[in-house]
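Hi,

Here is the model I promised to pass on.

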Amino acid sequence: MAAESTESNRGHTRRSFVKSAGAVAAGVALVGSPRETLAAAGGPKAVQYPDDRHTQACRWPLYGPKDEEAVLDVIRRPSYRPIEQFEKDWREYLGASYVKAHCNGTSALASLYFALDLPAGSEILVPSYTFFATIMPMRLFGLVPVFVDINPRTLNFDLEDARRRLTKNTRALIPVHWLGRPCEMDDILSFGREKGLIVLEDAAHAHGASMQGKKMGTWGRMAIFSYQASKPLPMIEGGMGVYQNRADYERGTTFGNYDLPSGYPQESGYRKYQGTGLGLKFRMHPVSAALGRVQLRELDRRNAMITAQVRRLNDRICALPGLYEQGARPDMQRVYYNWNMLSLDEAQAGMSRAACVKALRAEGVRASAHQYRLQHECAVYAEPQWWHHPPQIPQLPGSEQANRTALGLPLFTAEVPELVEQYAVAFEKVWAHRKELA
Ligand SMILES: Cc1ncc(COP(=O)(O)O)c(C=O)c1O
């Protein structure tokens, strides 16, 4: 990943920095210099952006009159039609065979694990560095999570570690495209084929991301999306299951929909469950679906705009020693979700993450020493009463390293060239003074 970051930085030179700084200074705001005294030592702050505009630059979700109109329309003429309409839109957008809308991503995951129809005790390889919902619904069907490490640079599924955790009971794996960065699905699918494993995807962060031109969420046999408020396609609450084959779709859908089986083909073994389903009601709210239809029209444009902001900043600052981004392969088109997540190699940078974050914050950068809850350390996995087969609690050095090295920056969701410029100067300033911070 280090090489990839360097690759993307080659275009940046001191001259392009001066040029962009000059343009911004002429038009919008005065830009400080990396040579000035650190703000932490009494110098001027590099980020002079007013607080409220800074907050506005990271605003999410972005709703406007078209979203309001769509919501009002459902309220004025209540109907479930927007759900089918959104399913059609999403299926076409992804190029997927079957989709089913859910009330959230967690219920889509529960349906997916039910659809697997695996015997109790079957093991599923899953990162510990994920939201609870990728893992906990397994419990309901006697499935056993096997915690896999991540690559601390990409924050994604570590296939080599997965190989080491295979047992005779391993049946499936579910990588997570963390913060919109695709997992290496070509390698993961080959591994799945080689070992006879079912490949699933948690694409809760990856709306619109693709690899080799194929959308994330269409690589695995089944996948899910979340449309919770912070996600790249925000509906406040909502989720989607994506299925490559009809049998999975019918089984997954019947679990949470008592009223849909009569629509299945005559030969379906699930038609008889019309009126009962198989236990739960996971229907998406039509207001969410109506919001989703409007948001989907903006998805690609917004993803491109947000990516452009990140590139403008990261192409500058990842030239600094020891600073890396969550790099991606050239055949991956990633999206960004919630954070611009970097990582700091303290030895190469010559300063600690804590000192760096403190100095950046003094400059006005909203940086944080990012830590994510590791699932394998949570109480529920260590208590056998919740599990058909209790999970093993492993050592996961890559996940721990991610929590020691990640440096979170806000994601700019508006075009803010002068703020990006001020952030870049703040980083260059902190790095210029890093011996003082060592
Ligand atoms: C990786 C991941 N998977 C699944 C989910 C579950 O989605 P939801 O919050 O819509 O239930 C989330 C939500 O944040 C998530 O981050």
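**The core and what surrounds it**

The largest nonpolar core has 108 residues, and those touching the most other members are Ile 124, Leu 173, Ile 224, Tyr 423 and Ala 426. By nonpolar core I mean a set of buried Ala, Val, Leu, Ile, Met, Phe, Trp, Tyr and Cys residues joined through C-beta atoms within 7 Å. Buried means 20 or more other C-beta atoms within 10 Å of a residue's own, exposed means 12 or fewer, and partly exposed is in between, with C-beta atoms placed from the backbone. Helix H15 (residues 417–432) gives this core its largest share, nine residues. Both domain 1 (2–61 + 299–437) and domain 2 (65–295) contribute residues, so the core lies between them.

Before you go further: this is a predicted model, where local features need pLDDT of at least 70 and side-chain atom pairs count only at pLDDT 80 or more, while totals for chains, interfaces and linings use all residues. Residues are numbered from 1 along each chain as its sequence is written.

Back to Leu 173: setting aside neighbours within four places in sequence, Leu 173 is in contact with Ile 124, Leu 125, Ala 162, Gly 192, Leu 197, Val 199 and Leu 200. Contact here means C-beta atoms, placed from the backbone, within 7 Å.

On the domains, whose bounds come from an automatic or database domain assignment, the centres of domain 1 and domain 2 are 29 Å apart, taken over C-alpha atoms. Between them, 37 residues of domain 1 are in contact with 39 residues of domain 2. On the side of domain 1 that touches domain 2, H14 supplies the largest share, six residues. Helices (H or I, at least four residues) and strands (E, at least two) are DSSP runs, numbered from the N terminus.

Lys 66 sits in helix H4 (residues 65–76). Lys 66 is partly exposed, with 14 other C-beta atoms within 10 Å. Lys 66 and Leu 291 are 225 residues apart in sequence but 8.8 Å apart in space, C-alpha to C-alpha.

Helix H12 (residues 353–362) has Arg 353, Cys 356, Val 357, Ala 359 and Leu 360 buried. These cover an arc of only 165° around the axis (from the directions of the helix axis to the C-beta atoms), which puts them on the same side of H12. Just after H12, Gly 364 has a positive phi of about 100°.

Cheers

Technical notes:
Contact = placed C-beta atoms within 7 Å.
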